[in-house]
Amino acid sequence: MNRRATERLLPADGVLVAKVWLLSRALIAGVGLAVMAGGHIDAGTLLRRWDVLHFMAIATDGYEDPTSPAFFPGLPLLLRAGTVVGLPMELTGVLVSLVASALAAGALYKMFGAPAACLWLIAPTAVFTTVGYTEAVFCAAAFWAWQRARQGQWWQAGALAGVACTFRVSGLFLVGALAVLALANAVGDLRDGRRLAAVRRLLVAWAWLLVPLAVLGAYELYLHGLTGTWTSWLEAQQAGWERGFTKPWVSLVNTVDAGKLVSWPGRPDVAWVFRAEVVSMAVGLGTTVWCLVRRHWGAAAFVGIQVVAFGTSFWYMSINRAVLLWFPLWAALGAAVSWRPARRHQAKDVAVAVYVVLSGAAMIIWAWLFFTGRWAS
């Protein structure tokens with residue numbers, strides 16, 4: 001995560017990221033077209049899967065369904081805005097995600113270099129950055145918020161974090177991580193003997209983080225006025241997805257049980273996705289440890305808080321998608337790809353090639369799961 005090394009950009013690297021963005025989106029679109037042809041379905045049916053339907057319902061009818069408070073209003077507002085100019089909501093979702101995924105990849109490129117951005121673009125669950133889901137728009141706002149914070153531009157970071165908070169509860173974790181980043185920077189200034197400057201910069205940074213907190217507070221006030229309770233978001237999560245607080249070892253056991261084929265007769269895809277959730281949790285734990293070892297305290301907080309939240313739910317769910325949000329993971333993978341040993345080893349190049357092929361193949365399989373209406377996390 002060395003700023004000087006990663007933000008020394010070359011035009012050729014930017015072209016590579018653009019090509020991978022285009023190729024990855026084209027591959028996912030190709031899977032969608034194949035599903036349409038094989039299943040004799042139209043584009044609207046193809047794109048209206050799972051949470052897309054929830055966002056469209058909120059955009060149309062507001063928060064009428066008891067489970068709808070689980071979804072933040074940012075994306076439904078964008079979908080509704082698309083109807084003003086005559087765009088179908090599912091198409092608006094695709095267009096928003098395409099633009100946002102390019103912006104998110106640009107932020108990763110700016111911070112960590114081309115390999116990190118390219119690997120994010122071909123992540124196994126990249127299909128969720130091409131349809132009407134919140135992953136792409138959240139990543140675009142959150143990644144750029146982090147980039148601006150690293151540069152000391154806290155008013156921009158606070159504003160972008162505020163945007164991120166309109167899309168996902170993950171914005172709360174982002175705010176906490178940004179606060180830790182600001183504190184870590186202040187401690188560094190103190191060690192250099194710049195006490196007054198350290199205190200001033202810390203207070204300025206934390207002051208700007210009141211902006212995203214105000215956004216989260218406004219949504220909570222809205223839900224309270226709508227439902228009469230301060231726990232409507234938690235209740236919606238419990239009612240729709242059984243996400244109540246659970247002891248971490250019990251959560252692991254529940255997920256392992258859900259990963260057994262006998263738990264889902266006739267639906268082996270569900271079991272395999274739950275098995276992948278366990279892998280994603282392990283990746284999150286590994287990323288947190290890597291950040292702690294490297295003393296990247298803010299990044300460790302961002303991933304670590306999410307790992308704790310997911311690990312104390314009834315079972316591991318949607319971690320496969322949350323991996324897309326973990327910019328420290330893509331920074332670490334990008335650094336591994338960019339690493340040049342003292343003596344060139346063919347094994348390293350082979351390992352990178354194998355990873356790219358496997359990740360691309362998983363991306364295609366996950367797109368097929370989503371577009372065919374199977375459980376995809």
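Guide: Welcome! The side chains of glutamine 156 and arginine 148 are joined by a polar contact of 3.1 Å. This is a predicted model, where local features need pLDDT of at least 70, side-chain atom pairs count only at pLDDT 80 or more, and totals for chains, interfaces and linings use all residues. Residues are numbered from 1 along each chain as its sequence is written, and side-chain values use heavy atoms, with hydrogens and water left out.

Visitor: What makes the pair glutamine 156 and arginine 148 a polar contact?

Guide: The term asks for a pair of N or O atoms within 3.5 Å; within protein, one must be able to donate a hydrogen and the other to accept it, and residues adjacent in sequence count only if both atoms are side-chain atoms. At 3.1 Å, this side-chain pair qualifies.

Visitor: Why is glutamine 156 called partly exposed?

Guide: Buried means under 20% relative accessible area, exposed over 50%, and partly exposed in between (1.4 Å probe, protein chains only). Glutamine 156 has 21%, so it is partly exposed.

Visitor: And why does serine 97 count as buried?

Guide: Its relative accessibility is 1%, so it falls under the buried cut-off. Leaving aside neighbours within four places in sequence, serine 97 is in contact (heavy atoms within 4.5 Å) with residues including Thr129 and Tyr133.

Visitor: How do you know that the span of helix α8 agrees with what it should be?

Guide: The expected span is 1.5 Å times one less than the number of residues. For the 16 residues of α8 (residues 135-150) that gives 22 Å, and the end C-alpha atoms are 22 Å apart, so the two agree.

How values were computed
Helices (H or I, at least four residues) and strands (E, at least two) are DSSP runs, numbered from the N terminus.
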